[in-house]
Amino acid sequence: MSVRRLAKEQPASFAFSPETMEKVNWWIAKYPESRRQSAVIPILWLVQKQEGWVSEPAITAIAKLLGMAQIRVYEVATFYTMFMLEPVGSAALIQVCGTTPCMLRGSDALIQVCKDKIGPKDKLSRDGKFTWQEVECLGACCNAPMAQINDYYYEDLTPENLAQIIDDFAAGKSPKPGPYNGRHTSEPLGGATTLSDPALYDGSAAKPIKIPNAPGTEVQA
Amino acid sequence: MAKAKVNGVEVEFDPGMTVLQVAELAGEEIPRFCYHERLSIAGNCRMCLVEVKPGPPKPQASCALPAAEGQEIFTNTPMVKKAREGVMEFLLINHPLDCPICDQGGECDLQDQSVGYGRGGSRYEENKRAVEEKYLGPTIKTAMTRCIQCTRCVRFTTEVAGVTEMGMISRGENAEITSYLEQAVTSELSGNVNDLCPVGALTHKPWTFNYRPWELSKTETIDVHDALGAHIRIDSRGPAVMRCLPRTKEDINEEWLTDKSRYAVDGLSRRRLDQPYVRKGGKLQPASWDEALAAVAAKVKGTDASKMGVIAGDLTDAETMKAARDLFYSLGVTNLDCRQDGARVGPVTQSTPRESWLFNTGIAGIEEADAILLIGTDLRHEASLINARIRKAWLKGGVNVGLIGEPVDLTYDYTHIGAGPKAVRDLKKHAFIDVLKGAKRPAILVGSSAINGEDGAAVLRDIADIADTYGIVKDGWNGFNIVHTAASRVAGLDLGFVPVGEALDAGAMIRGGVDLLFLLGADEFNPKDLGKTFVVYIGSHGDAGASAADIILPGAAYTEKSGIYTNLEGRVQIAERCVFPKGQAKEDWAILRALSALVDKTLPYDSLTQLREKLITDHPVFGRIDVRPSPKTFDLRAVGQKGEVKDRVFTSPIVDFYMTNPIARASVAMAECSASRRGNVPAAAE
């Protein structure tokens, strides 16, 4: 992690889209009126979802909306590395995990793919479609090596997989998230080896209980 | 009272105190960087670690730990020593070893505490981090690599100054203190962050590299840049005033100071009048004292008493005004005024109570008010530290503020009631009146913009009516307050430096009402208005008065003479001489004394002591030094004069906070502050 600053080039203005605004209001409503600023992190998220990154006009707009000082929003936006302070690739933001388990499983090769196909890290690619970053552990070590692309985890990657995924994003497709070596989630490669008795999952072993108001248990009138 | 033991010694403490405070009660010194009595507790420097029993067997941050009954606190155990050494070593890891070129050197908490509590050497061999400099305005110089992230500056600007502009961005090793987009901090109290900074990260920009603290002579004195009379310390080197710092005075300035009081001192060595001048052939020519005084005496003898006048300026001491009043009264001159702003307050008749021109609640007392009505005052700029007090009370909750006048940013919420005299008259119909009615300790603060001009006395009468009706003044509480903006004003009113009867006031004198006008450091006017008036200027700075003058008699500035100043709450204080007057300049009272001999009306005092004796004999209020008059009720019906009011907007006399007196106008630092506030940052200012 390096010093986080606002991007040098900023858009002239920012406006919440109607869809974002709806969600923003939902978040603000969760807190008492005098504690509106509690919604700052979710709203930064929503803004990033809308724009792809957090710009200075957006920070000012959030500050105004929540009745807090701009510097306070700025503090939050710079504290959390998940908030992008520079424009990111329009097709994909690729965050390759480079922490020890992924590194041991070959993340260096993934990083090389990114370098070759996209360019230097933390920089927008020349065509504006991609940004790639090396990040710390994303908590999917059992599927190492992995990368988070936009909102999803792409796991058990090989350089070839990743190259293909990048090509797919470049072509406007949405590659399937999850493990890329054929297994289901983090099960063993050839399928599960324990807890394979189907009776474990049909509820027959459980003591019958009544869950009040559980979905699906409404009495049919 | 709860009891705890500090290093085995039992102490009693009030519930709610922190372990740090309890240890201090016991006389133990706890090192600290982030903790400050007047700011919220952050607990992030970890320097104040102590051992506490009962509790987990590890050092605890004493600043944020509430003290408890029966607690045992240890500040001298091996664990504490080791903890302090560890914290100190970590703090110094990224701190540059540039003390020899650091302005904080010699008065640096980090230096002192590393000597007192550090381990004497560093084991750190890796690279140190470096942080980019930040622009924080014309008063704050940054060296952010030195910053230890105590966040005192952030807390001060947010809490006390009321401008949420500074913050800490990023985190961990990359954390940096900055303002939003590196804009200048827009507070008139910004200089205090330089005092608060425990290291050399934020230092006084106007004084950068000007001095080392140990080479300065220090004089404790009184500030004159506003009417509060803040306690200050002037540090000088030889004949030059190098800097001005606040002293702690709980009743007045706590430990803060406005930027003007602090940084205008460089104006004391610029544009000075250091020798007498006499206008010959339309040009001011240097002259000797004898020549200049003889010229003045000749002019006085040749002018009718009714055609002479004297205006005392905003920085004039009481002795000068007393000497001037005695001299000119003996000549039969009654055109005297000390109110350049034209405020219609003061001893109109002999029976006008003194309380009618004082800030009766007291500066500290304003925090107790539960309803405050501001009338015609931009308090943030007219009395910044009173405004900070109101903000403090407002943050605690329990005070409602209303404002009649221009809507300005006061750093707290208020009800805007109206803009001018009509709103004062119609206050009864406004919802805010219920707040005043319901308040136990209501206060009214009246600024000079409400009570100057032709209808000033009538507005004052209306205000007094409100005060009378709604119990502003009652037993044990006097909430009637006049907010003066000039250090000289209350003393001037106390000793009757005002026109009596048909005599002319300052405005009339300026507009050609007299033929011979004496200006005692009075500069707040447009020289063009003077017309053909013959002007004698006695003062320290070449400003409006001197440019219009026909004879200039160079006087001493507030740091160059011992002088009595009465602050707006009626507290008589003595400012001390820190350096000598410039060149041939003399103390102002001595100039008047010399003149008195030449016009055959020799004043009956030959020394400052004799003058003070006379002053106190004639005006006993000056006899009690540094005592605020105890709150008294008084007859509000004697205040102001019934009359018609005009339809106007109360506009503060302070157009530019940084340019309100000749010293400030001569100051380069103030010019930069003023330019920065107006939005144009002078390039290459350094």
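What share of the 686 residues in chain B is buried? The answer is 61%. In chain A, buried residues make up 41% of the 221 residues. The model is predicted.

**Chain A: fold and dimensions**
- Chain A holds seven helices and five strands.
- Read from the N terminus, the order of its elements is α-α-α-α-β-α-α-β-β-β-α-β.
- The radius of gyration of chain A is 22 Å, whereas a compact globule of 221 residues would have one near 17 Å.
- Along the principal axes, the C-alpha atoms of chain A fill a box of roughly 60 × 55 × 30 Å.
- Among contacts in chain A with a separation of 6 or more, 63% join residues 24 or more positions apart.

**Chain A: surface and charge**
- Chain A carries 22 positive and 24 negative side chains.
- The centres of these two sets lie 5 Å apart.

**Chain B: fold and dimensions**
- Chain B contains 21 helices and 28 strands.
- The C-alpha trace of chain B spans about 85 × 60 × 45 Å along its principal axes.
- For contacts in chain B with a separation of 6 or more, residues 24 or more positions apart account for 70%.

**Chain B: surface and charge**
- The accessible surface of chain B is about 26,300 Å².
- Carbon and sulfur atoms make up 50% of that surface.
- Chain B has 81 positive and 91 negative charges, with mean positions 1 Å apart.

**Nonpolar cores**
- The largest nonpolar core has 85 residues.
- Within this core, F328(B), F480(B), F497(B), F518(B) and L553(B) touch the most other members.
- Helix α14 of chain B, residues 456–469, gives the largest share of this core, with seven residues.
- A second, separate core has 83 residues, including A2(B), C63(B), V131(B) and V399(B).
- Beyond its neighbours within four places in sequence, F328(B) contacts M308(B), V310(B), V333(B), L336(B), F518(B) and L592(B).

**Helix α4 of chain A**
- Helix α4 of chain A covers residues 70–79.
- Eight of its 10 residues are buried, so the helix is largely enclosed by the rest of the structure.
- The buried residues are I71(A), R72(A), V73(A), Y74(A), E75(A), V76(A), A77(A) and T78(A).
- Within chain A, these buried residues pack against α2 (40–51) and α3 (56–66).
- From chain B, their packing partners are α4 (152–160), β7 (166–169) and β8 (176–179).

**Arginine R4(A)**
- R4(A) sits in the segment before α1 (18–29) of chain A.
- R4(A) has a relative accessible area of 13%; the cut-off for buried is under 20%, so R4(A) counts as buried.
- Not counting residues up to four places away in sequence, R4(A) touches A77(A), T78(A), Y80(A), T81(A), F83(A) and L85(A) in chain A.
- R4(A) also touches I169(B) and S170(B) in chain B.
- Y80(A) is 76 residues from R4(A) along the chain, and their C-alpha atoms are separated by 9.5 Å.
- A77(A) and T78(A), both touched by R4(A), are among the buried residues of α4(A).

Note on methods
Residues are numbered from 1 along each chain as its sequence is written. Chains are lettered from A and ligands numbered from 1 in the order in which they are written. This is a predicted model: local features need pLDDT of at least 70, side-chain atom pairs count only at pLDDT 80 or more; totals for chains, interfaces and linings use all residues. Side-chain values use heavy atoms; hydrogens and water are left out. Helices (H or I, at least four residues) and strands (E, at least two) are DSSP runs, numbered from the N terminus. The radius of gyration is taken over C-alpha atoms; the globule rule is 2.2 Å times the number of residues to the power 0.38. Buried means under 20% relative accessible area, exposed over 50%, partly exposed in between (1.4 Å probe, protein chains only). Contact means heavy atoms within 4.5 Å. Lys and Arg count as positive and Asp and Glu as negative; His and the chain ends are not counted. The place of a charge is taken as NZ of Lys, CZ of Arg, CG of Asp or CD of Glu. A nonpolar core is a set of buried Ala, Val, Leu, Ile, Met, Phe, Trp, Tyr and Cys residues joined through side-chain atoms within 4.5 Å. Accessible areas come from the Shrake-Rupley method with a 1.4 Å probe; for residues, only the protein chains shown count as cover.
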